[in-house]
Amino acid sequence: MDVPSQSITDEQMTEIVNLVKTVYGFDFSDYTKASLKRRLTRVMLIKKLGIYDLKHLLLNDPHFFQEFLEEITVNVTEMFRDPSFYKALNSQVLPYLSTYRHIKIWSAGCSSGEEAYSLAILMKEAGLKEKSFIYGTDINTDMLKKARKGIYSFRNIKNYAENYQLSGINGSLTDHFTTMYDAATIHSELKLNTLFSVHNLISDTVFNEFQLISCRNVFIYFETQLQERILGLFYESLSPLGFLCLGSKENIRSDIFKKKFKEINPKENIYQKIGS
Amino acid sequence: MGGSAGSFKLLLRIVKILPPGLNKAVIIVLHRKKNFLSEIEKLFNDNSRLPLKEITDKDKINKNAIYIAPANYHTLIEKDDYFGLDVSEPLWFSKPSIDVTFESAAEVYKEHCTAILFSGANPDGAQGLLKLKNAGSLTIAQHPKDAEFPEMPNAAINAAAADYVLKTNEIVELLQIPNPHN
């Protein structure tokens, strides 16, 4: 099991964070500490590295950095994670969005694309596929490659099938995939409406205007002051009365943005932009 | 407090008896299935004399309150007395994992923590309990003979992670003793 046996000190963690920031420009300094420490300890355990080996590799091996990035960031995701969230989108948000000519959706921190494709399926089943477009962004280029392929293990898809059923959408999840041996590939008509690209929530800026932004289970890794900065980015990126969706155990902590977003569904943490 | 299969009823009994002037924060990590729209929180809430809450990310940890780790997340404890959640890989097929919470409690609370591991059908929690013990916390395992599923407390005992191995009634009695710091 990947039980970290030896933890690193706070000082060592700060050294690694500073090194990564200086050499690669990725800033982890406002990530939540307990979680980041656990991830760092885990990388060292998996790669069988001491703290000096880790620093040496980070300094000298850019390929290693990609692997490091993939392990440090959490890329665990599901299709239709929290079925009640998709139910709420369907009943509370889509009737509103359907009045738009074009619906642009941003899946921020999309990892291997499961959420972006879940949203694509939701839009298709709601009859809104033709006018909707889904942008998936992440800092992790390898994860984005997986997302673009849209190929998942059939076993995983079967696991997600229960989520799909509980979300109350017609048919079954496998209807949207072509299966061959153990690989399930998302239908190409669903890929047509998606675009995956690199975007760093911490250092990059507004790149489009959206009617809905879904950023679920990303804020849990960020300290509240960093969350506030990114809420600013989301606010700027939303059209008037656009929607912001956070994870089911995440909410807006910032007093500034509590006033700028109206809670539409407090249980699922769906918010609507107010003011301008 | 951590538990899995066979722990729910006992944890409910403990929630019932915890006194309002406890002067401690109580964190409960109980294995359960995701998407299972459980009545667990409601049952705990209806039976608790202390305020009880299912944890939301970045919730402040207050004394005289009971916190329940949410399903399909790991619960970690951050330095300035607040919770952080994490959706990373399950441990021992479990999310929440008791090990994850215990290990982060060991880092933050050290000797200011009491941890109890109850019945369960897998060894989650044993390594975390060992970390707590090594950090100076008081660690207790439920007596395997009293546990509906003894594997979990047994794993802790075999890892020499438990300062005390107590019968259910002894644990219940211990938790009713008024806190000397009150």
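1. In what order do the three strands of the open sheet with antiparallel pairing in chain A stand? The order is β3-β5-β4. Strands here are DSSP runs of E of at least two residues, helices are runs of H or I of at least four, and both are numbered from the N terminus; two strands pair if DSSP finds at least two bridges between them. At the edges of this sheet stand β3 (151-153) and β4 (177-180) of chain A, each of which pairs on one side only. On average, neighbouring strands of the sheet are turned by 30° against each other, direction ignored.

2. A note on the basis of these remarks. The model is predicted: local features need pLDDT of at least 70, side-chain atom pairs count only at pLDDT 80 or more, and totals for chains, interfaces and linings use all residues. Residues are numbered from 1 along each chain as its sequence is written, while chains are lettered from A and ligands numbered from 1 in the order in which they are written.

3. Within the sheet of point 1, β4(A) and strand β5 (residues 183-186) of chain A run antiparallel and are joined by four bridges. T179(A) has A184(A) in β5(A) as its bridge partner.

4. Chain A also holds an open sheet of seven strands with mixed pairing, in the order β6-β2-β1-β7-β8-β10-β9. Its edges are β6 (194-198) and β9 (261-265) of chain A; each has a single partner strand, so one side of each is left without a neighbour in the sheet. From one strand to the next the twist averages 20°. Axes are lines fitted to C-alpha atoms, for helices over the stretch in contact, and angles run from 0 to 180 degrees between N-to-C directions.

5. Opposite E263(A) stands Y271(A) in β10(A).

6. Chain A is divided into domain 1 (10-72) and domain 2 (83-273), with bounds from an automatic or database domain assignment. The C-alpha centres of the two domains of chain A lie 28 Å apart. Nine residues of domain 1 of chain A are in contact (C-beta atoms, placed from the backbone, within 7 Å) with 11 residues of domain 2 of chain A. Helix α4 (residues 62-72) of chain A gives the largest share of the domain 1 side, three residues. That side has three nonpolar, three polar and three charged residues. In this division Ala, Val, Leu, Ile, Met, Phe, Trp, Tyr, Cys and Pro count as nonpolar, Asp, Glu, Lys and Arg as charged, and the others, Gly among them, as polar.

7. The contact between the chains takes 21 residues from chain A and 22 residues from chain B. On the chain B side, β5 (74-78), β6 (82-86) and α3 (98-109) each supply at least two residues. By class, this side has eight nonpolar, six polar and eight charged residues.

8. V87(B) lies in the loop between β6 and α3 of chain B. It has 22 C-beta neighbours inside 10 Å and therefore counts as buried; the cut-offs are 20 or more other C-beta atoms within 10 Å for buried and 12 or fewer for exposed, with partly exposed in between, the C-beta atoms being placed from the backbone. Leaving aside neighbours within four places in sequence, V87(B) is in contact with V74(A), V76(A), N217(A) and Y73(B).

9. In chain B, helix α1 (residues 8-17) packs against helix α2 (residues 40-47) at an angle of about 35°, with the axes 8 Å apart. L12(B), V15(B) and K16(B) in α1(B) meet L43(B), F44(B) and N47(B) in α2(B). The residues of this contact divide into four nonpolar, one polar and one charged.

10. The largest nonpolar core has 118 residues. Such a core is a set of buried Ala, Val, Leu, Ile, Met, Phe, Trp, Tyr and Cys residues joined through C-beta atoms within 7 Å. Those with the most contacts inside the core are I213(A), L244(A), L11(B), I28(B), A115(B) and L129(B). Helix α6 (residues 114-125) of chain A contributes its largest share, seven residues. Domain 1 and domain 2 of chain A both give residues to this core, so it lies between them.

11. Strand β8 (residues 138-142) of chain B has four of its five residues buried, so it is largely enclosed by the rest of the structure. Four bridges join β8(B) to strand β7 (residues 114-117) of chain B, and the two run parallel. T114(B) has L138(B) as its bridge partner in β8(B).

Key: Contact = placed C-beta atoms within 7 Å.
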